[in-house]
Each structure stands twice: as structure tokens, then as C-alpha cells.
Amino acid sequence: MTSTAKNFAGQNLRGRSFRGQDLSGSDFSDTDLRGANFTGATLIGANFSKAETGVQKRWVAFQLVISFFLSELAGIFVAYTGAWVTIFFAPRYILSSRIATGIAMIITLMIIIFAIVQQGFTVKAFGTMTWAFALVAFALALSGADPLVVLFAGAVVAFAVVVFSVALALSDAGSFVAWLGSFLGILQGALVGAVAVSWSGAGSFDFALVGAGVGAVVMVLLSVYTSGRALKGDPKFDELLKFIVGFASIGGTSFRGADLTKANFTKAYLKSSDFRNSRKQRTNLTRTIWKQAKELDRSRLGTSILANPEVRELLVTGKPNQTQSYEGLNLRGANLDGAYLKEVNFKRAILSEASVRNANLESVNFTEAQVIGTDFTGAQMTGVCLEGWSYDHTTKLDDVDSLELLNTKGERCRRDPDNNFEHSDFT
């Protein structure tokens with residue numbers, strides 16, 4: 001296929017399909033790429049600076065509708081559960097064995113809420129919930145109460161937290177309008193749940209409405225908390241964040257299986273995009289430029305190096321983290337040209353095929369790092385530690401400014417008087 005570089009700068013390309021096309025070197029700067037499809041496309045060296053990706057307005061409307069109905073569904077279930085908890089404490093049940101069911105449901109719900117807040121959406125949290133269900137169900141079985149009611153209550157809370165969290169955090173639907181719609185949905189659901197309990201003859205409408213209202217408020221607060229923690233990058237809510245981002249990216253810009261080698265996304269707005277591998281081929285992000293890219297963490301990043309928050313932040317800002325350490329991390333194919341990385345620890349890191357041209361690497365620790373195919377052209381490498389690093393003839397060291405190299409003795413870097421180089425001698 002012949003490469004055809006084209007100039008799309010500043011154009012509206014919403015919903016356009018470039019699937020499988022070779023557009024290497026093309027200019028997509030300042031373009032509106034919401035809903036565009038680049039699946040399997042060859043985009044080597046393409047310019048996406050200041051471009052905007054994401055979902056089109058019709059998909060935003062779809063997400064708004066879905067968020068409303070998810071919230072209403074969650075509201076119905078949680079309100080129904082809350083109403084039953086309240087009814088079990090009604091005067092006619094106070095002296096009966098049915099009070100045990102209400103107490104058991106409250107205990108179970110408290111355990112569920114505690115597990116979500118303290119442990120997030122992790123295997124450990126769901127293990128805690130499972131044990132809570134099992135113990136309470138066993139106690140209820142001994143008392144002659146129906147354990148299925150408690151199991152239903154716990155499952156409802158977990159389900160409701162997830163769906164309402166998604167409704168609060170939906171891509172562009174995370175606006176005030178979407179939040180208001182979701183909140184109204186939960187209130188309507190609470191009302192429907194109260195009516196359903198009342199019609200079932202279990203208790204009066206007023207009594208059911210109190211329980212439904214309390215349940216709805218608790219769920220809203222818990223959902224706001226969980227969605228907030230997920231969007232702030234709390235590792236305990238990683239799975240919830242993946243679910244939120246995945247749902248919000250439906251209909252978004254697709255780069256699945258595309259070759260984005262040396263493509264430039266400087267200052268691009270990348271919310272709700274898909275950079276995962278396709279079924280047929282891997283998405284190539286070798287030496288792709290991400291400087292000052294916005295909302296990259298709101299895209300589907302698959303198993304690429306961008307999935308690691310520390311690596312992603314480094315590639316976007318060009319500045320190391322507070323610990324100055326990326327020991328053992330995978331930065332294969334990263335583009336760090338011109339970055340200020342003085343005294344950073346890259347011990348045992350994978351930097352093969354990366355580009356650090358003209359970067360400040362003074363006193364950097366490359367002990368046992370992998371740098372096969374890495375481009376160090378023009379880098380400032382005075383005082384670097386190179387003990388045991390892995391390189392070959394493809395490692396480019398042209399015009400490296402290295403006046404003094406260091407070797408490691410144990411875990412410390414020390415001066416080696418035999419490793420003093422003049423400018424460009426290191427190559």
C-alpha cells in the first residue's frame with residue numbers, strides 16, 4: 001500500500017472512517033476526531049497535536065439516557081431493599097422473629113459498605129462480602145428466617161454502587177446535566193420501590209418511603225465516593241475505573257491495531273479513545289509523543305506502557321515523579337526526547353527502542369537496564385551508571401556528552417578514574 005500524506009489540519013472529521021488506510025506523515029492537528037475510526041491504519045509520524053478525540057454528540061445523548069435508566073434501576077432495587085429493612089422494624093414485627101431479618105440485613109449492608117470504602121472493588125473486598133453473606137445466611141437459617149432476602153440486599157447494594165458510579169462518571173456525560181439526570185433517576189427509582197413494597201402489602205407507603213429514601217441517599221453518597229476515588233486513580237478502584245472508561249468510550253475514537261510509531265499527540269485532548277490491540281494486530285506506540293496530552297487516563301490503554309500511571313505521567317509531563325525512581329518498570333518504546341531526568345533511577349528498567357534524544361540524563365542510574373535499540377543521540381550523560389546494562393549495535397550514542405562515567409560497587413555508584421571521556425568519545 002502506498003503511503004499518502006494528507007493535510008487535514010483544522011477540519012471536522014467526526015465519525016469519519018480511515019480504517020486500514022496508510023496515512024503516514026499526515027497532518028491531523030487541531031482536528032475534531034470524535035468518533036473517527038483509525039482501526040488498523042498506518043499513521044507513522046502523523047501529527048495529532050491539539051486534536052480532539054472522544055464520542056460524538058449522539059453517543060453522548062445515548063450515554064445520558066443509559067445513565068438515567070441505570071440510575072433509576074439502581075434506585076428501584078436499593079429503595080426496595082431499604083424499604084424492607086425499615087418494614088422489618090415496624091411495630092407489628094418488633095416482638096416477632098422477623099426482627100432478626102431486619103437486623104441481619106442492616107449488618108450485612110454495613111459490611112458491604114465498609115468493604116467497598118476500605119477495600120474498593122478488589123478480590124479482597126468481594127471475599128469480605130462473600131464471608132458476610134455466608135455467616136449472616138447461616139445465622140438466619142438457624143433462626144428460621146429467609147437468608148435469600150439478605151443475599152439479595154447485599155447484591156443490590158454492590159450492583160447499585162457500580163451502575164450509579166458509572167452514571168456519575170460517564171465521559172462527556174459527566175457534566176451537571178448528566179449528574180442531575182442520574183440523581184432524578186435514583187429519586188424516581190426510590191419512589192417506585194416504595195410503591196412496590198406498599199402494593200405488596202408488606203407495610204404502609206409512608207413507612208416504605210422512609211426506608212426507600214434512606215437507602216437511596218446512602219447509595220448516592222457511596223457512589224459519589226467510589227466514582228471519585230476511581231477517577232483520582234486510587235488503585236483499589238482500578239477495576240471500577242476500567243469499567244467506567246470502557247463504557248464511556250463506546251462510540252469513541254478508535255486507534256485499535258494502528259501503527260502510531262513517532263506520531264505526535266502534543267496537547268491533544270484524548271478522552272474516550274481506544275488504544276488497545278485489535279484482534280488482528282498490536283497497536284504500535286513506539287516513540288509516540290504524548291507531551292502535555294490531556295485526559296489520556298480516560299482512554300482505553302490496554303496493556304501498553306501507558307496503562308502504568310507512573311509511566312504515563314512521565315511521558316505526558318516529561319518530569320519524573322517525586323521518588324525519582326522507575327526501577328524495573330517497562331518503558332519500551334517511550335519517547336522522552338528533551339526530558340529533564342537528572343539523577344533518575346532506571347535500574348533494571350526496560351528502555352529498549354525508546355528515544356531520549358537531547359535529554360538530560362546526568363547521574364542517571366542505568367544499572368542492568370535494557371537499552372537495545374534506544375536512541376541517546378545528543379543526550380547529556382555525565383556521571384551515569386552503566387553497570388551491567390544491556391545494549392547492542394542498534395543502541396545509538398551519537399554526540400553523547402559524557403565527561404565521566406560511573407561504575408557500581410554493590411548498590412552505590414562510584415567514580416572510576418579510567419572512565420573519563422571527552423565530548424563525543426563515548427560512541
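This report describes the fold, cores and surface of a predicted model.

## Basis

Residues are numbered from 1 along each chain as its sequence is written, and side-chain values use heavy atoms, with hydrogens and water left out. Local features need pLDDT of at least 70, side-chain atom pairs count only at pLDDT 80 or more, and totals for chains, interfaces and linings use all residues.

## Overall fold

The protein has eight helices and four strands. These are DSSP runs, numbered from the N terminus: helices are H or I with at least four residues, strands E with at least two. Along the sequence the pattern reads α-α-α-α-α-α-α-β-β-α-β-β.

Of the 427 residues, 50% count as buried. Buried means under 20% relative accessible area (1.4 Å probe, protein chains only).

## Cores

The largest nonpolar core has 59 residues. Such a core is a set of buried Ala, Val, Leu, Ile, Met, Phe, Trp, Tyr and Cys residues joined through side-chain atoms within 4.5 Å. Leu43 is among those with the most contacts inside this core, as are Phe28 and Phe48. Leaving aside neighbours within four places in sequence, Leu43 is in contact (heavy atoms within 4.5 Å) with residues including Phe28, Phe48, Phe255 and Leu260. A second, separate core of 14 residues includes Val161, Val162, Phe237 and Ile244.

In soluble globular proteins, nonpolar side chains tend to be buried together.

## Helix 8

Helix 8 spans residues 309-317. Its buried residues are Val311, Arg312, Leu314, Leu315 and Val316. Asn308 caps the N-terminal end: a side-chain oxygen lies 2.9 Å from the backbone nitrogen of Glu310. Gly318 follows the helix, with a positive phi near 75°.

How values were computed. Polar contact = N/O pair within 3.5 Å; in protein donor to acceptor, adjacent residues only side chain to side chain.
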